[in-house]
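Me: I have a protein model open and I would like to learn how to read it. Could you take me through it one feature at a time?

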Amino acid sequence: LRRLHPRYEAEVLRFVHQDPARPARTAVDLARLLDGRHPLVLAVLHDRNGGTERHVVELAELLRERARFLLLRPLPGQRLSLRLPGPEEGFELVFNLPEQGGALIDLLRRLGVCHVHVHHLLGHGEFVRRLPARLGVSYDFTAHDFYFADPGITLTDANGSYDPARDPAATAATAAPDAQEGSLVRWRQRSAEFLNGARFVIAPSRDMLARLVAVVPGAPLHLVPHTDVDPTVPLPRPAPAPLAGDRPLRVAVIGALSAIKGADVLEDAALAARKHGAPVEFHLIGYAYRTLR
């Protein structure tokens with residue numbers, strides 16, 4: 001092939017790089033969004049994939065006969081990605097901020113975005129925070145973690161341990177250093193301003209609802225389980241069978257455990273059980289951020 005067509009590979013690479021068919025594909029995708037049959041919702045999320053994006057994709061699939069969704073995510077270098085949900089969708093437009101912010105707003109208006117659902121603001125700046133107001137539309141907020149209360153997201157200290165001083169719902173919070181306390185207060189005030197302006201503030205669990213109440217008690221709070229949880233079906237109650245004879249209690253832990261997800265706590269519990277001769281075994285189905293003893 002190279003002997004008969006020595007320029008073939010370079011021409012293919014050039015074609016892929018220039019992508020002359022991209023405007024045509026984009027026009028078709030925009031026509032799909034402009035069909036006028038379904039309201040168009042803009043879902044704002046971070047760039048870390050995981051459960052937050054999975055929930056948005058599941059929500060879009062659940063409501064596919066009632067609404068269409070667009071995803072807005074941050075990219076490095078103050079850029080924003082606008083795309084359709086689902087890995088099979090190839091449509092994506094990238095906007096550089098601040099110079100292309102106006103073009104993004106014009107496009108969202110032309111597409112007829114009628115509502116914004118904010119799932120996360122991590123990686124986003126003031127432009128996205130004010131986007132619903134600039135579009136003149138309502139917005140909802142779903143709390144997937146503790147970013148609204150703690151810029152570190154996880155309510156943990158520098159060692160990855162739970163820090164009650166960072167938890168707005170802790171009943172026995174310890175006094176945080178002045179600088180940290182002031183920073184957290186300012187952060188929560190800013191979060192409260194945003195959440196109080198939402199149409200609905202959604203908590204997927206009662207635990208999350210309690211922490212939201214501590215930060216924004218007057219916000220329009222609603223407990224709404226994720227789409228893979230049927231609220232009409234009660235969760236199963238633990239009913240372990242009695243252990244026979246000298247059989248040890250085997251505890252299985254599922255997950256990819258970082259420090260903040262309890263890897264060190266699991267290790268300490270296993271070591272304590274062995275030290276005291278307790279008939280308990282711990283099994284990690286997954287892995288930890290380091291080798292556990």
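Me: Let's start with Phe141: is it buried or exposed?

Reply: The general idea is a cut-off on relative accessible area: buried means under 20%, exposed means over 50%, and partly exposed lies in between, using a 1.4 Å probe and protein chains only. Phe141 is buried, at 8%. Phe194 is buried too, with a relative accessible area of 7%. Keep in mind that this is a predicted model, where local features need pLDDT of at least 70 and side-chain atom pairs count only at pLDDT 80 or more, while totals for chains, interfaces and linings use all residues. Residues are numbered from 1 along each chain as its sequence is written, and side-chain values use heavy atoms, leaving out hydrogens and water.

Me: How many aromatic pairs does a search of the whole structure find?

Reply: Rings of Phe, Tyr and Trp (its six-membered ring) pair if their centres lie within 6.5 Å; planes under 30 degrees apart are stacked, over 60 edge-to-face, and the rest tilted. Here the search finds three pairs. In one of them, Phe141 and Phe194 sit 6.4 Å apart, centre to centre, with 85° between the planes, which is edge-to-face. Phe141 belongs to strand 6 (residues 138–142) and Phe194 to helix 7 (residues 178–196), so this pair ties together parts that are 53 residues apart in sequence. Helices (H or I, at least four residues) and strands (E, at least two) are DSSP runs, numbered from the N terminus.

Me: What about the rings of Tyr147 and Trp187: how far apart are their centres?

Reply: The centres are 5.2 Å apart and the planes meet at 75°, so that pair is edge-to-face. Tyr147 is in the loop between strand 6 and helix 7, while Trp187 is in helix 7, so the pair ties together parts 40 residues apart in sequence. Tyr147 counts as buried at 15% relative accessibility, whereas Trp187 is partly exposed at 22%.

Me: Which residues do ring pairs link into a cluster?

Reply: The cluster holds Tyr139, Phe141 and Phe194. The charged end belongs to Arg129, 5.6 Å from the centre of the Phe194 ring.

Me: What should I look for in the backbone?

Reply: Most residues other than glycine have a negative phi, and most peptide bonds are trans. In this model, a cis peptide bond joins Leu97 and Pro98, with omega about 5°. Pro98 is in the loop between strand 4 (92–96) and helix 4 (101–111). Asn49 has a positive phi of about 55°, and its loop runs between strand 1 (40–44) and helix 3 (50–62).

Me: Which residues touch the most other members of the largest nonpolar core?

Reply: A nonpolar core is a set of buried Ala, Val, Leu, Ile, Met, Phe, Trp, Tyr and Cys residues joined through side-chain atoms within 4.5 Å. The largest has 49 residues, and Leu42, Leu70, Leu72 and Leu82 touch the most other members. Helix 4 gives the most to this core, with five residues.

Me: Which element has the lowest mean pLDDT?

Reply: pLDDT is the predictor's confidence in each residue, from 0 to 100. Helix 2 has the lowest mean (80) and strand 6 the highest (98). The chain averages 89, and 95% of the residues score at least 70.

Conventions
Lys NZ or Arg CZ within 6 Å of the ring centre and 35° of its normal.
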